[in-house]
Number of protein chains: 2
Amino acid sequence: MLRGERVGVSSDQAYVMGVGCTAFGPQPTPLKHLALEAGRQALVNAGIDLTKIDRLYLGNFAAGLLQSQQLLAPMVAAGLGLSRCAASAVEGACASGGIAFHLAVRAVESGQCEAALAIGVEKMTAASTAQVTQVLVSAMDQLSGEPATGLTFPGFFALLAQRHMEVYGTTLDHLAAVALKNRMHAQFNPRAQFYGRPTTQEEIRASRLIASPFRLFDCSPISDGSAAAVVVSERLARQGAGKAIRVAASVQTAGPTSLQSMSRLTSIESAEQAAKEAYGKAGIRPEEVNVAEVHDCFTAAEIIAMEDLGFCPIGEGGPYIASGETQFSGSRPVNLSGGLLSKGHPVGATGLAQVFEVVRQLRGDADRVVPNARVGLTHNVGGTGGSVVINILMKE
Amino acid sequence: MLRGERVGVSSDQAYVMGVGCTAFGPQPTPLKHLALEAGRQALVNAGIDLTKIDRLYLGNFAAGLLQSQQLLAPMVAAGLGLSRCAASAVEGACASGGIAFHLAVRAVESGQCEAALAIGVEKMTAASTAQVTQVLVSAMDQLSGEPATGLTFPGFFALLAQRHMEVYGTTLDHLAAVALKNRMHAQFNPRAQFYGRPTTQEEIRASRLIASPFRLFDCSPISDGSAAAVVVSERLARQGAGKAIRVAASVQTAGPTSLQSMSRLTSIESAEQAAKEAYGKAGIRPEEVNVAEVHDCFTAAEIIAMEDLGFCPIGEGGPYIASGETQFSGSRPVNLSGGLLSKGHPVGATGLAQVFEVVRQLRGDADRVVPNARVGLTHNVGGTGGSVVINILMKE
């Protein structure tokens, strides 16, 4: 016989109260200390009492493989003085940070706790490029996936790019437009890996070939870095003097974990699905998004993201970006941080760095602020679409 | 201004509706397939429609390091036919499985979903013992922890054992009593790594020295295996024809991640704290626990667990176990499965294998059933106490 007793958990809206982010790019700082730096920034930015933080979700992909360090979550909790806080490490390849944020949001939304900290961290530059490429391949299914075919992630996304060019007429100029825009944006983000290093269409097109059609500038760099967010209940958010940003939707989906299990190569279907769900939850249409940070691990991925997110019709991602509409001065700026391509891509940190940028845009305290942004979106993709997290954030 | 709208999330009690567990020990089966086997068993055992499972939490420690496989959660979700289910991998060293279960319980308790699947999995026997020992060391803080001192986990727990002997007079006979009891219990568990391999006090005492005072039989073996549990809401549990077991408490705590940050060496304080919280939540006293699965990674760890859990006074864990009270025929059997020592210890699976045994004891369908057990406890420890999960399960 089952007892009828029900625990009184109060459900709630979740808000981002504080954010933090280290500089991205090669760092002398050890892994744990990167996480501590971003975590401390977020806690200070939130102005929250440490004893209020009940849960830590730490997104990381490769500390085991690259630093021989596991069980990182309680180490970071202890380093931040959150020693009584339940601390869990979560992994979803390049979506690890997004999942950490999503779990923090769900914990607060569902009334499990009033405040949770999400941190994403990765340190990759101490390893060789070949080693990092191999480590990244671990995000494909080793039994039925690409390793058997020798495919790496540049190769996987290059095949998607080729298919997109074949089916929709996407061009090399479209790819270069993505790389150029994000590098331009990064010139206004002092934390970006390529801050102070502008480029030109000519340099992009002349850079060395990586995996056809991708040249060096089509690929995100190898990076170190960490980002963090403090997620709180409505009650705590009300004490934040207007700086809290509401999480209108946070959606995590699962999708194919190898190329051959995808139903088509011109879309990340789990992202399309997550976006639809997120718009439904938030009660908005794609056109209402003012600013977005999307997962441009390669230039073609940003083109596909525009379509998956409903920012433009299917097949028109290339022309849409080339039109300038997603530049700072356009109608819907995308990747104002510089994106993964130019801000850098410390894998586990990326999902939270996206939240960092969007929250600061909505608050109006970003490094270069888009005027009047009220609705922001983040789009974080792991593996071949195996894990996706999409968040819609709103200024109220 | 913050909007006052509140989402109607129904809070609930969580129940274990189904459990699964592979054989433990060296297996030819690949990692992913071990997880699929335990997951399928649990789903079939629960008799639940796959479309009801909204969340998968996959506990794993070392697939990245040992199989070069990350992003395992969506791969397992897809393999089980749960392709629309949000799937997250979680890591907390030897408590990875416990954390996966805890997060599934919290997701259901808080009304996030009506049904969640937790799976724990590890495949370790393909690597050399030296490699596994090194991989396990990654669960200590690499910056401020034992690696600088050359300490491994057998060394760490051996120091705790030595201190316990020094302070409380615990003896080698007490340690041997733990090893002997758990090996005896394993003779009734066909899934146990040492099923069909009984031992004697003489063999235990004569086995080769590993880290003084530990000999071979004081140490859990290197294992492959997977275990799983389906956690459901009260509404779904009511459809389960009495086989659902209530989760009266599930508590996760964080603790020290290195020896030198512990305040004393004779207790895992984060486990003591988690136990107190769990008893409080469940509304019971330690004496009311009928059956327990505890984290006996080494014999001394079970002695310390008896004290941390309040099963006996501090310092008396050795005599308590030697008295026979925790044997099958005693008043409170502990580690009827054989424990980590004799059932085996596939790191990420252990926390869920404990749930598997306790649920089947409470239901009365275990391999050897303790009569009239109503309250069961699981105790899962990661690293040097960095992550701990304690669950109290009740038959209703």
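Residues are numbered from 1 along each chain as its sequence is written, and chains are lettered from A in the order in which they are written. Because the model is predicted, local features need pLDDT of at least 70 and side-chain atom pairs count only at pLDDT 80 or more, while totals for chains, interfaces and linings use all residues; side-chain values use heavy atoms, with hydrogens and water left out.

**View 1. The interface of chain A and chain B.** Here 72 residues of chain A touch 71 residues of chain B, where contact means heavy atoms within 4.5 Å. Together the chains bury about 5,800 Å², 48% of it on carbon and sulfur atoms; that is the accessible area (1.4 Å probe) lost on putting the two parts together, summed over both.

**View 2. Polar links across the interface.** We get 25 residue pairs in polar contact between chain A and chain B, both residues at pLDDT 80 or more. A polar contact is a pair of N or O atoms within 3.5 Å, one able to donate a hydrogen and the other to accept it within protein; residues adjacent in sequence count only if both atoms are side-chain atoms. Among the elements giving two or more residues to chain A's side are α1 (31-46), α4 (96-109) and β8 (245-254); helices (H or I, at least four residues) and strands (E, at least two) are DSSP runs numbered from the N terminus. Two salt bridges cross this interface, meaning a side-chain nitrogen of Lys or Arg within 4 Å of a carboxyl oxygen of Asp or Glu. In one salt bridge, A:D141 meets B:K32 at 2.6 Å, N to O.

**View 3. Strand β3 of chain A alongside β3 of chain B.** The two strands run antiparallel and are joined by three bridges; strands pair if DSSP finds at least two bridges between them. Look for A:A89, whose bridge partner is B:E91.

**View 4. The axis relating the copies.**

**View 5. A salt bridge within chain B.** B:E114 and B:R235 pair up at 2.7 Å, N to O. B:E114 sits in the loop between α4 (96-109) and β4 (115-123) and B:R235 in helix α9 (residues 234-237), so the pair ties together parts 121 residues apart in sequence.
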